[in-house]
Amino acid sequence: MNLSEFDLIDKYFTTIMQRDDVVLGCGDDAAITRVTADIDLIEASASTCSAPMGADTATGLTDKCLAQLAQQGASPAWMTLALTMPAVDEAWLKEFSGALLAWGAQHNVQLIGGDTTRGPLCISIKVIGIR
(Lines give C-alpha, C1' and ligand atoms only; values in the text may rest on other atoms or scores of the structure.)
Protein backbone atom coordinates (compact mmCIF):
# COMPACT_ATOMS: atom_id res chain seq x y z
CA MET A 1 0.00 0.00 0.00
CA ASN A 2 1.38 3.40 -0.98
CA LEU A 3 -0.14 6.09 1.26
CA SER A 4 0.31 9.80 0.66
CA GLU A 5 1.47 11.96 3.58
CA PHE A 6 -2.07 13.14 4.29
CA ASP A 7 -3.59 9.64 3.91
CA LEU A 8 -1.01 8.32 6.39
CA ILE A 9 -1.86 11.07 8.89
CA ASP A 10 -5.61 10.51 8.47
CA LYS A 11 -5.30 6.74 8.86
CA TYR A 12 -2.86 6.53 11.78
CA PHE A 13 -2.55 9.83 13.62
CA THR A 14 -5.87 11.67 13.51
CA THR A 15 -7.44 11.41 16.92
CA ILE A 16 -11.09 11.04 17.76
CA MET A 17 -10.56 13.45 20.66
CA GLN A 18 -11.25 17.04 19.66
CA ARG A 19 -10.25 19.67 22.21
CA ASP A 20 -12.02 23.02 22.03
CA ASP A 21 -8.68 24.88 21.99
CA VAL A 22 -7.39 23.13 18.83
CA VAL A 23 -8.21 25.33 15.83
CA LEU A 24 -6.16 23.34 13.30
CA GLY A 25 -4.51 20.03 14.22
CA CYS A 26 -3.12 16.96 12.49
CA GLY A 27 -3.08 17.11 8.73
CA ASP A 28 -1.61 20.56 8.17
CA ASP A 29 2.00 21.73 8.25
CA ALA A 30 1.16 24.28 10.96
CA ALA A 31 -0.92 23.51 14.05
CA ILE A 32 -3.03 26.24 15.64
CA THR A 33 -4.14 26.23 19.26
CA ARG A 34 -6.25 28.90 20.95
CA VAL A 35 -4.49 30.24 24.05
CA THR A 36 -7.08 32.89 24.91
CA ALA A 37 -10.10 34.30 23.11
CA ASP A 38 -7.86 36.67 21.14
CA ILE A 39 -4.50 34.82 20.95
CA ASP A 40 -3.65 31.77 18.84
CA LEU A 41 -0.39 29.85 19.08
CA ILE A 42 0.87 28.55 15.71
CA GLU A 43 3.52 25.82 15.53
CA ALA A 44 5.30 24.82 12.32
CA SER A 45 7.85 22.00 12.04
CA ALA A 46 10.37 20.92 9.44
CA SER A 47 12.79 17.97 9.47
CA THR A 48 15.47 16.37 7.39
CA CYS A 49 17.48 13.20 7.80
CA SER A 50 19.50 13.25 4.60
CA ALA A 51 23.17 14.09 4.16
CA PRO A 52 25.09 16.22 3.41
CA MET A 53 23.84 18.97 5.68
CA GLY A 54 25.38 22.35 6.40
CA ALA A 55 24.47 25.89 7.32
CA ASP A 56 21.98 26.05 4.45
CA THR A 57 20.09 23.19 6.12
CA ALA A 58 19.43 25.36 9.19
CA THR A 59 18.15 28.29 7.18
CA GLY A 60 16.23 26.06 4.76
CA LEU A 61 14.30 24.36 7.56
CA THR A 62 13.64 27.58 9.45
CA ASP A 63 12.56 29.41 6.29
CA LYS A 64 10.09 26.59 5.58
CA CYS A 65 8.61 27.01 9.08
CA LEU A 66 8.52 30.79 8.66
CA ALA A 67 6.56 30.42 5.42
CA GLN A 68 4.07 28.09 7.14
CA LEU A 69 3.56 30.64 9.93
CA ALA A 70 3.12 33.46 7.41
CA GLN A 71 0.38 31.44 5.68
CA GLN A 72 -1.49 31.44 8.99
CA GLY A 73 -0.86 35.15 9.66
CA ALA A 74 1.42 34.50 12.64
CA SER A 75 4.42 36.43 13.95
CA PRO A 76 7.31 34.07 14.82
CA ALA A 77 8.66 34.20 18.38
CA TRP A 78 10.40 30.97 19.46
CA MET A 79 12.00 27.84 18.04
CA THR A 80 13.06 24.43 19.27
CA LEU A 81 15.70 22.11 17.82
CA ALA A 82 15.80 18.30 17.94
CA LEU A 83 19.25 17.23 16.76
CA THR A 84 20.39 13.65 16.37
CA MET A 85 24.06 13.10 15.46
CA PRO A 86 26.18 9.96 15.13
CA ALA A 87 29.11 11.79 16.79
CA VAL A 88 30.03 15.32 17.83
CA ASP A 89 31.54 17.20 14.87
CA GLU A 90 32.51 20.59 16.29
CA ALA A 91 33.29 22.18 12.92
CA TRP A 92 29.85 21.20 11.60
CA LEU A 93 28.15 22.27 14.85
CA LYS A 94 29.84 25.68 14.71
CA GLU A 95 28.64 26.25 11.13
CA PHE A 96 25.13 24.90 11.74
CA SER A 97 24.52 26.65 15.07
CA GLY A 98 25.94 29.92 13.73
CA ALA A 99 23.51 29.86 10.82
CA LEU A 100 20.58 28.84 13.04
CA LEU A 101 21.22 31.52 15.66
CA ALA A 102 21.87 34.20 13.02
CA TRP A 103 18.53 33.34 11.39
CA GLY A 104 16.87 33.63 14.81
CA ALA A 105 18.42 37.04 15.44
CA GLN A 106 17.37 38.25 11.98
CA HIS A 107 13.73 37.21 12.57
CA ASN A 108 13.58 37.95 16.33
CA VAL A 109 13.08 34.24 17.09
CA GLN A 110 14.73 32.78 20.21
CA LEU A 111 15.87 29.16 20.50
CA ILE A 112 14.14 28.01 23.70
CA GLY A 113 14.94 24.30 23.90
CA GLY A 114 14.77 20.95 22.19
CA ASP A 115 16.66 17.69 22.41
CA THR A 116 19.99 16.21 21.37
CA THR A 117 20.54 12.49 20.89
CA ARG A 118 23.05 10.11 19.34
CA GLY A 119 22.11 8.26 16.15
CA PRO A 120 21.93 8.82 12.39
CA LEU A 121 22.02 12.53 11.53
CA CYS A 122 18.53 14.05 11.71
CA ILE A 123 17.44 17.65 12.30
CA SER A 124 13.96 18.79 13.33
CA ILE A 125 13.11 22.43 13.93
CA LYS A 126 9.85 23.86 15.23
CA VAL A 127 9.10 27.56 14.98
CA ILE A 128 6.30 28.86 17.19
CA GLY A 129 4.42 32.09 16.57
CA ILE A 130 1.38 34.00 17.73
CA ARG A 131 -1.45 35.80 16.02
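This is a predicted model: local features need pLDDT of at least 70, side-chain atom pairs count only at pLDDT 80 or more; totals for chains, interfaces and linings use all residues.

**Exercise 1.** Determine whether aspartate 40 is buried or exposed, and identify the network of salt bridges in which Asp40 is linked.

*Solution.* 
Step 1. The relative accessible area of aspartate 40 is 6%. Buried means under 20%, so aspartate 40 is buried.
Step 2. Aspartate 40 forms a salt bridge with arginine 34, in which the closest N and O atoms are 2.5 Å apart. Arginine 34 is partly exposed, at 37% relative accessible area.
Step 3. A salt bridge also joins aspartate 40 to the side chain of arginine 131, at 3.1 Å from N to O. Aspartate 40 belongs to strand β3 and arginine 131 to the segment after β6, so this pair ties together parts 91 residues apart in sequence. Arginine 131 is partly exposed, with a relative accessible area of 38%.
Step 4. The network therefore comprises Arg34, Asp40 and Arg131.

**Exercise 2.** Which parts does the salt bridge between lysine 126 and glutamate 43 tie together?

*Solution.* 
Step 1. The side chains of lysine 126 and glutamate 43 meet at 3.1 Å, N to O.
Step 2. Lysine 126 lies in strand β6 and glutamate 43 in strand β3, so the bridge ties together parts 83 residues apart in sequence.
Step 3. Lysine 126 is partly exposed at 27% relative accessibility, and glutamate 43 is partly exposed at 23%.

**Exercise 3.** Characterise the surroundings of isoleucine 39 at the surface.

*Solution.* 
Step 1. Isoleucine 39 lies in strand β3, residues 39–48.
Step 2. With 33% relative accessibility, isoleucine 39 counts as partly exposed.
Step 3. Ile39 forms a nonpolar surface patch with Val35, Trp78, Ile112 and Ile130; together they have about 410 Å² of accessible area.

Technical notes
Residues are numbered from 1 along each chain as its sequence is written. Side-chain values use heavy atoms; hydrogens and water are left out. Patches are made of residues with over 30% relative accessible area and no salt bridge: like charges are joined within 9 Å, nonpolar side chains (Val, Leu, Ile, Met, Phe, Trp, Tyr) within 5 Å. Accessible areas come from the Shrake-Rupley method with a 1.4 Å probe; for residues, only the protein chains shown count as cover. A salt bridge is a side-chain nitrogen of Lys or Arg within 4 Å of a carboxyl oxygen of Asp or Glu. Helices (H or I, at least four residues) and strands (E, at least two) are DSSP runs, numbered from the N terminus. Buried means under 20% relative accessible area, exposed over 50%, partly exposed in between (1.4 Å probe, protein chains only).
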